[in-house]
Amino acid sequence: MRTKRLEKLLVAVLTSALLLTMLSGAMGSGVAYAAQTTYYVDAQDGNDQWSGTTASRPWKSLDKVNATTFQAGDRILLKKNRTWFGQLHPKGSGASGNPITIGSYGIGNRPVINGGSLTSGAAVYLLNQQYWVIENLEVINNSGSDNAGTATTAGVARYGILVEANGAGTKLNDIRIQNNYVHEVNGCFNCAPLLDAHINGGITVRATGSNDSFNGVLIENNRVENVGRDGITFWQDRYFAWDQLVVDVARLSTGVVIRNNNIADTDGESILVFGANGALIERNVGKAAGSRFIPGGDMNASVSMFPTRSANTVMQYNEAYLTQFNDTDGQGFDIDLGHDNGLVQYNYSHHNEGGFLLLIDVESSAYPATVTNTTIRYNISENDGPVKGLITFALALPNNTHIYNNTFYNDHPTIRPIYCDDYCQTNPKKAGKVWSFKNNIVYTTGSAEYVLPSTTGQIDYNLYYGGHHASEPNDVHKLTSDPLFVQPGSGGIGLHTVSGYKLREGSPALGSGVVIANNGGKDYYGNPVSATAAPHRGFYNGAAISNAAATAILDAKAAIEALPSAQALQLTDAGAVEAARALVAAALTAGATADDVINLAKLTELEQRLSRLLDPLLAKIDAAIAAIDQLPAASELVYGDKTAVQAARALVDAAIADGASPSAIINTQHLADNEAQIALLEADYLVVAAAIQSAIDAIDALPPLPALALTDKSSVEAARALVDAAKSQGAPESSVLNIGTLNAAEARILELRIASRVTWTDTFNNLNLSYMKSSGWVLDSTNTSTYFEGDSFRLSRSNSSTQSMIYEATAGHHIAGFRVKSYYFINPGTVMVYGTATDPGLSSTVWTPIAYTSADPVVTSGQWRRTYLTNSAELPEGLRYIKFEITGSPSYSPQIGTLELSMEPTL
């Protein structure tokens, strides 16, 4: 008959997180690899003594992971809803097509690696390793103090994730960092002279050594917030052969892709690429870069995204906004020092204090040009500035710079669409440099001053509307009439929100541009751009939006904006939702596209919410489907998942009872597979439950704590053995509901043992107190007060050979501990301690080494020191004999002043 205790046990185990371990769905990369071994890690319910190769017997600690060298195809899966403190630094490398993966399993939030306790460095770290995937983690590394540094004092480097090549001496391959949430990393903002501050921050891949580089680095779909200094950095220290201003392209890393990341609130840059050839920076969002300022510092300048000391970089489909101006810079984008052949296209820049784009070079009489062949096209800038220019040339004019088919809108009272900053205006080397500004639309509501880098630029076919200034370029084919945007100034957050800058019918910008060779073939929206027919001016080259469509778009947007949020939606809002959908349909009929109604996603969400309010049965079907989707694969199910499986079945039954068709619940086969697996696990579970109950019963049988005596020691030990037996079958210790009683009993038994102990002391006034001894011992009584703290006799050796002394416990006792006062001259020598339960006179006796600790030595006089040697752990019960062995030279050191043996009754 099942007892009430067992009934409680079953409930506890079923709900215990220790038995709810399960593997999540397919890995986020979507790429199939030849897996080798999967290791599971659970910070709460794991055990480093387990194999770690099943979800029900996971490892526990980062130390266990860090001490393991993994092989190609291995996976290290951390349990969701768990937190580890310290550094994750696994060893080993994968192989081509067979990487090692760090990921997650289970249900809930990402597993957390919190490196806040580290003095410096990274929470997740790889060193000289290749073919790795790091995904689905939450990473924190905040020491809790202000680590930014000052103008004169450096902070220390801190990273969320750091992959480093340092002395590898070769090109490391295939590093993938994806789908992680990295935040609260307080890296240094001034790290000099130890480190360039740009290197530390959220996610960093760095090649440090003179011959180190990478091939194939993918940093994708990560969320990075509140980090310093930078959000995402790729950095190769040695990008040059001999002159740091001359990039050696052959040395550069290759295959660097930074894509689909969302970076917000960084002390410095959102994204920086330093030392790469052919890097691709695309579809990232950088918000609020440059949030840190150090008074008097020389590294305050920040730009949201840029490459430097690199070649052939493409920055496209990125959004940068709210970058702050600190001393200088503050732009959304930049092509910086030492870069050749940069392409900046299809980006959205808005509300960056320093402007849209920085182009910086250092050319002077002492240095050659370092930035060449830069193209900026099909970008949109809204309300950037007003500090600096919308496009700023700094220090020098980069040669062969071409800026065409971009759209600029700005409603600041004053703005500089093109600005030549700093030494750029007087740099004598700018003569003869090639640059152009064509087919752009500049729409300003205030004064627009132009400070050009030179008068030799090819400036033509631009449209300037709104505020005019005497410095405005005098294009031969310039236009100054209204470009007839659909809705200027209406951009929001997101690449899709700028359809207000499409051209309406009758726009003078339609088809009035000049053909530009190698124009990329498409505009911001993917509309074709002909190699022969005249394009539109600005970033849009699609069909003109009819006036009727433009009006309908504005009406639809306004109607959607007026609707409540999905959380506040009521059935009474149904009419307004339907009316908004009708306006959208009218806009589409008039020729608009869905992208033109930039808040259409809100309407779709409201319609889905409304359908659930109108038809509760749909909500029940959705709930059943969602519950089944949360279940693990049947092959990775543990018995503790039974509750979740039963709950999913209950939701399915409820939906069907209300009239849902079984086929409407599209994933019931997955539920059936889980139910079949639970049935198979039932028998195994009952065995585990019985083992737990046996442990509970044994603990219940112990006397009450006040009545506990030393004679109950064997019963306490037997109860612990039953607990260990249950754990060996996969049961968590917490499932033994009265485990606290056992812990208290063990503590009480230990107190009683200690209270029963007696101490026996040998002061070495003769050599006859030991059980056995070697022949080379002598008693030394010289220099008692000078060197030996008044110890009249000390045990010493007559020569430098190894000598041993054996002691026996008194009758009815065993040896529980020892304390040895040792004197030594300069060098402590070698003292070994051994123990055994059998008579040393027997040839079969085996001596077991005993570990001990040495107290900090105290100088007695001259070169003599005194220390105490004490057993570092409880000695095994039944230890009848203990042996002390001294080896080394000189013969008079070390010497034993006193020996204390702690003895305990043997039960």
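Me: What is pLDDT like over residues 1-34, and how many contacts beyond four places in sequence does the model have there?
Reply: This is a predicted model, and over residues 1-34 its pLDDT stays under 50. For that stretch the model has 98 contacts beyond four places in sequence. pLDDT is the predictor's confidence on a scale from 0 to 100, so please read those 98 contacts with that in mind.

Me: And what is the mean pLDDT of the protein chain?
Reply: The mean is 90, with 95% of the residues at 70 or more.

Me: Thanks! Why is α3 called roughly antiparallel to α4?
Reply: Helix α3 covers residues 547-561 and helix α4 residues 574-589, and they pack at an angle of about 160°. Angles over 145 degrees count as roughly antiparallel, so α3 is roughly antiparallel to α4. Their axes lie 8 Å apart, and the crossing is left-handed.

Me: Which residues meet where α3 packs on α4?
Reply: From α3 come Ala549, Ala552, Ile553, Asp555, Ala556, Ala559 and Ile560. Their counterparts in α4 are Ala580, Leu583, Val584, Ala586 and Ala587.

Me: What makes up the contact of α6 with α7?
Reply: Leu617, Lys620, Ile621, Ala623, Ala624, Ala627 and Ile628 in α6 meet Ala648, Leu651, Val652 and Ala655 in α7. They divide into ten nonpolar, no polar and one charged.

Me: Now the strands: why are β30 and β33 said to pair?
Reply: Pairing needs at least two bridges, and strand β30 (residues 371-377) and strand β33 (residues 399-404) have five, in the parallel sense. Thr374 has Thr401 in β33 as its bridge partner.

Me: And what makes β33 and β37 a pair?
Reply: Four bridges join β33 to strand β37 (residues 435-438), and the two run parallel. At least two are needed, so β33 and β37 pair as well. Thr401 has Trp435 as its bridge partner in β37.

Terms used: Residues are numbered from 1 along each chain as its sequence is written. This is a predicted model: local features need pLDDT of at least 70, side-chain atom pairs count only at pLDDT 80 or more; totals for chains, interfaces and linings use all residues. Side-chain values use heavy atoms; hydrogens and water are left out. Axes are lines fitted to C-alpha atoms, for helices over the stretch in contact, and angles run from 0 to 180 degrees between N-to-C directions. Angles under 35 degrees count as roughly parallel, over 145 as roughly antiparallel, 65 to 115 as roughly perpendicular and the rest as oblique. A crossing is left-handed if the near helix is turned anticlockwise from the far one by less than a right angle, and right-handed if clockwise. Contact means heavy atoms within 4.5 Å. Ala, Val, Leu, Ile, Met, Phe, Trp, Tyr, Cys and Pro count as nonpolar, Asp, Glu, Lys and Arg as charged, and the others, Gly among them, as polar.
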